[in-house]
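This briefing covers the fold, the helix packing and a few residues. Please keep the sequence and the structure in view while reading.

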Amino acid sequence: MGSELRTWVSDRLMSLLGYSQSTVVSYVLNLAKKASSASNLTNQLVDDMGMSSSSETRVFAQEIFSRVERKSTGPNLYLQQEREAATLARKQKTYTLLEVDEEDDNIVGVESNSVPSQIRKEDTRKKKFRKRVETHRDEDDEA
């Protein structure tokens, strides 16, 4: 529709002004995109371009204002990303670290093998002593 709109604006400018150039067409389209209302666009066309303030100019402004696609007035991309980051930060503050009890072998979401953990618990609870090797003394005591 962009080329059709440009052609339409060019034809209308030719009938209103008696001339049409691609730069003038682009300028009028930009004015229409930035205008807040059709009457605002009419005022800009009369003041900036020297068009007459006739009913034809008002009708042209109303038609082009209704045909042109304007940018949404929502927040820009930077503000949207900033809000998302702030929301994420607030959400992360609600999370806390979980404390693991030594008695609990099974942690949610983690599979554990119970046999090695039981052996590990027994090893830590028992004290290990070295056994003496008494091969020479036993022979001397017997003799």
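Contact here means heavy atoms within 4.5 Å. By that criterion, Thr 57 touches Thr 42, Val 46, Met 51 and Ser 52, not counting residues up to four places away in sequence. The model is a predicted one. The protein has seven helices and zero strands.

**Overall make-up**

- From the N terminus on, the elements run α-α-α-α-α-α-α.
- The protein has 143 residues, and buried residues make up 17% of them.
- Of the contacts with a separation of 6 or more, 45% are between residues 24 or more positions apart.

**Helix H3**

- H3 has 12 residues, which at 1.5 Å a residue should span 16 Å. Its end C-alpha atoms are 16 Å apart, in agreement with that figure.
- The buried residues of H3 are Ala 38, Leu 41, Thr 42, Leu 45 and Met 49.
- These residues cover an arc of only 105° around the axis, so they lie on the same side of H3.
- An α-helix has 3.6 residues a turn, so residues three or four places apart point the same way.
- The cover over the buried residues of H3 includes H1, H2 and H4.
- Gly 50 follows H3, and its phi is positive, near 75°.

**Helix H4**

- H4 runs over residues 55-67, and its 13 residues should span 18 Å at 1.5 Å a residue. The end C-alpha atoms of H4 are 18 Å apart, which agrees.
- Buried in H4 are Thr 57, Phe 60, Ala 61, Ile 64 and Phe 65.
- Their arc around the axis is only 125°, which puts them on the same side of H4.
- They pack against helix H1 (2-17), helix H2 (22-34) and helix H3 (38-49).

- Thr 57 lies in helix H4. Its relative accessible area is 1%, under the 20% limit, so Thr 57 counts as buried.
- Thr 42 belongs to helix H3. Thr 42 is buried as well, because its relative accessible area of 9% is under 20%.
- Leaving aside neighbours within four places in sequence, Thr 42 is in contact with Thr 57, Arg 58 and Ala 61.
- The list for Thr 57 in turn includes Thr 42.

**The H2–H3 crossing**

- The axes of H2 and H3 come within 10 Å and cross at roughly 145°.
- The crossing of H2 and H3 is right-handed.
- H2 makes the contact through Val 24, Tyr 27, Val 28, Leu 31 and Ala 32. H3 makes it through Leu 41, Gln 44, Leu 45, Asp 48 and Met 49.
- By class, this contact has eight nonpolar, one polar and one charged residues.

**Val 68, beyond H4**

- Val 68 lies in the loop between H4 and helix H5 (77-93).
- Is Val 68 buried or exposed? Val 68 is buried, because its relative accessible area of 6% is under 20%.
- Which residues does Val 68 contact, leaving aside its neighbours within four places in sequence? They are Leu 5, Leu 29, Ala 32 and Lys 33.
- Val 68 and Leu 29 are 39 residues apart in sequence. In space they are 7.3 Å apart, C-alpha to C-alpha.
- Ala 32, a contact of Val 68, is also one of the H2 residues in the contact with H3.

Terms used
Residues are numbered from 1 along each chain as its sequence is written. This is a predicted model: local features need pLDDT of at least 70, side-chain atom pairs count only at pLDDT 80 or more; totals for chains, interfaces and linings use all residues. Side-chain values use heavy atoms; hydrogens and water are left out. Helices (H or I, at least four residues) and strands (E, at least two) are DSSP runs, numbered from the N terminus. The expected span of a helix is 1.5 Å times one less than its number of residues. Buried means under 20% relative accessible area, exposed over 50%, partly exposed in between (1.4 Å probe, protein chains only). The arc is that of the directions from the helix axis to the C-beta atoms. Axes are lines fitted to C-alpha atoms, for helices over the stretch in contact, and angles run from 0 to 180 degrees between N-to-C directions. A crossing is left-handed if the near helix is turned anticlockwise from the far one by less than a right angle, and right-handed if clockwise. Ala, Val, Leu, Ile, Met, Phe, Trp, Tyr, Cys and Pro count as nonpolar, Asp, Glu, Lys and Arg as charged, and the others, Gly among them, as polar.
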